[in-house]
Structure formats: C-alpha cells, structure tokens
Amino acid sequence: MTRSGISFSRFLSLHQPVVENNPRTGNLGALIKVFISRTKELKLSAECQNHIFIWQTHNALFIICCLLKVFICEMSEEELQLHFTYEEKSPGTYGCDSEDLLEELLCCLMQLITDVPLLDITYEISVEAVSTMVVFLSCQLFHKEVLRQSISHKYLMRGRCLPYTSKLVKTLLYNFIRQEKPPPPGAHVFPQQSDGGGLLYGLASGVATGLWTVFTLGGVGSKAAATPELSSPLANQSLLLLLVLANLTDAADAPNPYKQAIMSFKNTQDSSPFPSSIPHAFQINFNSLYTALCEQQTSDQATLLLYTLLHQNGNIRTYMLARTDMENLVLPILEILYHVEERNSHHVYMALIILLILTEDDGFNRSIHEVILKNITWYSERVLTEISLGSLLILVVIRTIQYNMTRTRDKYLHTNCLAALANMSAQFRSLHQYAAQRIISLFSLLSKKHNKVLEQATQSLRGSLSSSDVPLPDYAQDLNVIEEVIRMMLEIINSCLTNSLHHNPNLVYALLYKRDLFEQFRTHPSFQDIMQNIDLVITFFSSRLLQAGAELSVERVLEIIKQGVVALPKDRLKKFPDLKFKYVEEEQPEEFFIPYVWSLVYNSAVGLYWNPQDVQLFTMGAD
C-alpha cells in the first residue's frame, strides 16, 4: 500500500536508522521547519488552486506524523523533546538557545486546522493535521496509569497554543456537524486509494479485520464496537481529537481549557454577553449541532459527545430539553439500548446515563408521553403500530433490566435503569397496555427470583444444622439486593398511582390482572408501608369489578376503572416523597473516560496505526 508515493511498509523498515541518527543529523527538525514555512502559504495556495504546493506540504506532514508516532512509541517524553530541540551550531559557537520546534509544530497544526479553508484540494491535509495532533497526544497509549503531567499539558494548556483553544474546539465541532465527505477521486491532489481518508485511514484498511480487540468490560456486553465505513473521515477524526482534548486531566496550576470551552459555548441565537469570568467562550449553531447529534448516534464517539455536552454544558442541555422534536434524539438512544447484545458495555452505559440526565427534567417526562410514534420497526418483540415515546422508553428500559438480570447482573446498570424509571414515574401518562403489562411482568420476575433465593437460603440453613463444616453461601446478601430492587419497583408503581392514577387505566388493569403477585408482600416488614396504596387500589377496584358481575370484557373492565378513578377519594392515598434521582459523576471520572476515549481512537481506523503489543492503557478496567 502506498500513500503520497511512499510505501508505508518500506518506511517502517527504515525508521530505526532515522531514530538513531536524528540527534546527530537534525533531519526531523529540518523537515518540520520546511513544513512550518510552507503552511504559512497554504491558505493562499488553496485560493490559487496550487495543487503541487499542497501535495508537497502534505507529504512533509505525512512523514512528520509517521516519525512522531515511532518516537512516541519508542522513547520517553524527555527523549522526544531532544529530537525536537536540535539546533545546528557552527564550529566554535556555544549556547543552548535552541527553539522548541514541537510547540511551533503544534501551533502550526492548529492554524492549519482552523484557518485553511476546507476545499477538495485541502481535505486530505486537513485530515492529516487532525490525525497528527491525535498522534501527538498518544503518549497516553503507552502508559498504564492516567497521565496527569505530560508534554501535552505543557504545550496545549499554556503558552503559544492556548489562544487557539476556542477556535480549535469550534472548528472540530463544525467538522463533526458538517460531515464533509472526501472529494471524488478526480479532485484529489495525489493518487487516491480506494479506501479514502487520511494518512491513518490509508494505512489501516489492509489489516482491519485481523486486529486484536481491546478494551472490553465484563459488564453489559463484551463486544467491541464494529467500525462502520466512514462517510466522513474528517468528521470522525475531528470528533476523536475533540474528545481526547476534552478529557485531558487538569494541569497542576490550570484547568483544562478545552473542557472549559466545551462547558461554556453558547447558541449563535443567544445575544447575551459572555461573563468575563468564562474563558475560551464562543458561539455555535445549536440547531445544526442537535441535528448532527441525532443523526450520528450509531457511533460510540457521537454518544460520548452527546453525554459530555448534556452533562457539562448547561446551555446545550436547556436547548435540547426545550426542543419539540425530542424523539429525533431519544429514539437513536433507545435503539442502542434495545440492541444491547450487539453493543459494547460503554456505549450502553453512555446511552443509559443520557436517559437518566434527560429524565431529571419534569418537562421532558411530561412531553415524551405527548409524542405519538407509529410502526417502530426495530422493536421486534411485539408489533407497535402506535405508541407514545414515553411508553416506548419504559419498554426499552425494562427490557434492558431483564437482559441484565438474566445475563450480566451488573448492579450499576440496574441502578441507573431503575433511577430513570423512578424519575419518570410521577409523570406517567396514558401508558400503552403493553408498557403497563411489562412493568408488572418485571415485578413478577423479581418476585419469582425473591422466592427462589429465599427457598435456597432456607434449604441451606437446614443443611447447615446437620453439617457444620460446610461454608454457607451468602444468600442474605443476594436477598437484600433483590429486596432493594423490589422496593424500588413498588415505589415506581406507587408513585404513578398517587400522582397520575386517572391517566393510567391500563396500569390499574395490569395490577388487577396480576393482583395475586402482591399478596405475599402485604405483610412483609420491608414493604408494608409502600404496599399500603397499592393494596388500597387493588381492593377498591376489585370490589367495583365484583359488583359489576362476571364475564366482563376488557373494554368493560377499562370503563369501570375509568369510572372508579373519579370515585376513589384521593385523600385515602398516602403521600410519599417524590422519587428523584440525579446523575452524579463518580470521583476521578478520568479513570474511566480517558481509557474509554483512547479505546475509541484505537478501535477506529486511527488506532490501526499502533501495534497491539505496544499499547498498555487498555488493560485498565478490563477485568
């Protein structure tokens, strides 16, 4: 495979002499100086359609990127800096006033990314510039621990690069928004391979299928995300670079400026001034960003960006929650959860946390029941010709809980699923009959599991009386966990009954149909208080059905329930505190997010540029 007339395999075979001789020859420094001098004329060359000049500049950047990758992989940061600070000296001269070419190169790359217009002839060099920045930051790949003091902090968080912060973040976001496709083959500056893309994409395609799969957790799924064919290498590369920058750890004396920029940018429609206390602020078109986020949720990195913006940028969160077309955003997230078996665990967690953040807002919880959907083709358990977005959300979350109960048994996932349902419960409206059935079916499954563990504990206790030498399994802990989940489900049902009974005849119908399930919990000390309202509703409506006679049709039962709701004295229902759960990021979130981001870089076409045996970071959290 060749790229810009260069054989990559040939380049790799020659890299060792380059590494060994560069401190003496200074060839890398000389090449960087040539590239830097040329980038000053790139903008004019693009306007003048100077293909040859851009092609030559791209070749120089290609070689710099290849060498940078090799140096980062094989040497320490201190040694790396020596290669970038070489200065030729005349005989008899002394001093150490060498310029720092690494900082100058980074500033040059930032200028290239932000200032050079994106045209057919500049597309490839733009992708290469973004890729080179990703490679520069890849020191993290070769460390088992999260880097908190590194060369990236020195250059990107202070000094000459700092003024480019907001402009770079804005450009990377717009690259993601626009999803610009590579130019057609005839428009390229140099002969193009059929796989398209930039340097790292061209290098990667030949070995894509045989690569070692990295960074899988034993949680929801153990599958690495499939890498779809990239329609826009520039958008994908830009998004990965943005996520890497946003997740750099704070420097010892300064917060991460890229994270600050992501936290504070505003809508172009917002004319209010930025507070003077907010650095690196800028404006972007929220409508375009929202549309791109809705369309790109099939990828891990787009879901992680959505999580980052919802969690960290209050302007974005307020804007999204005010949208009247939230189904465009929520449906792709639900589809991720629905296909939990096919997704890696991190993608599922991010999707679930996004739902949890959204359900913290009462307006969202009300509005999703007003959006009516037709023919949800990806939901295969049952034909749903018409259902509200709220009922569909309940179905998918319950399905995720049931999958987790039977497969992975991840307590973290359980907790967040139930928290999302609890946040919505007071606002349940006109629940679809199938959603109401699934709520009660989940309770039935939990009830059976409770009885099974209780029986095992009883048998184990009897066995221990005859054999004191055999250690007992910890059934008490299992029972405690199940009872916690059962109580949460009872609280969700109770919250719906006390706050919106008159809106949910289908839930009352499902309760009455499976009323025997609740009998065993009426006198249970852990559930007596929360069972009071549920027992009252069951007793009240059972009495009215009894009075109506036998052999009642479904329609007649629902009619009696609707009439009974009006007659039921509301003051008889005991009021409990509202169920409200708020997502709180764990302490030291970088221990999760930095490995996750770099796993996305590695598993994308960029990552194929690194050898699996060199990479150490992905062992973090993989057990």
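## Nonpolar core

The largest nonpolar core comprises 199 residues, of which Phe-35, Leu-156, Tyr-379, Leu-392, Ile-439 and Phe-518 touch the most other members. Helix H22 (residues 475-500) makes the greatest contribution to this core, with twelve residues. A nonpolar core is here a set of buried Ala, Val, Leu, Ile, Met, Phe, Trp, Tyr and Cys residues joined through side-chain atoms within 4.5 Å. Buried denotes under 20% relative accessible area, exposed over 50%, and partly exposed in between (1.4 Å probe, protein chains only). Helices are DSSP runs of H or I with at least four residues, numbered from the N terminus.

Beyond its neighbours within four places in sequence, Leu-156 has contacts that include Leu-106, Met-110, Phe-136, Leu-248 and Tyr-258; contact means heavy atoms within 4.5 Å.

## Basis of the model

The model is predicted: local features require pLDDT of at least 70 and side-chain atom pairs pLDDT 80 or more, while totals for chains, interfaces and linings use all residues. Residues are numbered from 1 along each chain as its sequence is written, and side-chain values use heavy atoms, with hydrogens and water left out.

## Aromatic pairs and charges over rings

The whole structure contains 18 aromatic pairs, defined by Phe, Tyr or Trp (six-membered ring) centres within 6.5 Å, with planes under 30 degrees apart counted as stacked, over 60 as edge-to-face and the rest as tilted. Tyr-349 and Tyr-412 form an edge-to-face pair, because their ring centres are 5.3 Å apart and their planes lie at 80°. Tyr-349 belongs to helix H17 (residues 345-358) and Tyr-412 to helix H20 (residues 411-425), 63 residues apart. Tyr-349 is buried at 8% relative accessible area, whereas Tyr-412 is partly exposed at 32%.

Ring pairs also join Phe-265, Phe-282, Phe-286, Tyr-290 and Tyr-319 into a cluster.

A charge sits over a ring when NZ of Lys or CZ of Arg is within 6 Å of the ring centre and within 35 degrees of the ring normal. Arg-38 sits in this way over Phe-53, 4.5 Å from the ring centre, and Lys-266 over Phe-274, at 4.2 Å.

## Salt bridges

There are 13 salt bridges, each requiring a side-chain nitrogen of Lys or Arg within 4 Å of a carboxyl oxygen of Asp or Glu. Lys-167 and Asp-115 are bridged at 2.7 Å, N to O. Lys-167 lies in helix H9 (residues 165-178) and Asp-115 in helix H6 (residues 101-115), so this pair ties together parts 52 residues apart in sequence.

Arg-487 bridges Glu-491 at 3.3 Å, both residues lying in helix H22, four residues apart. Arg-487 also meets Asp-529 at 2.9 Å; Asp-529 lies in helix H24 (residues 528-548), so this bridge links parts 42 residues apart in sequence.

Key:
Helices (H or I, at least four residues) and strands (E, at least two) are DSSP runs, numbered from the N terminus.
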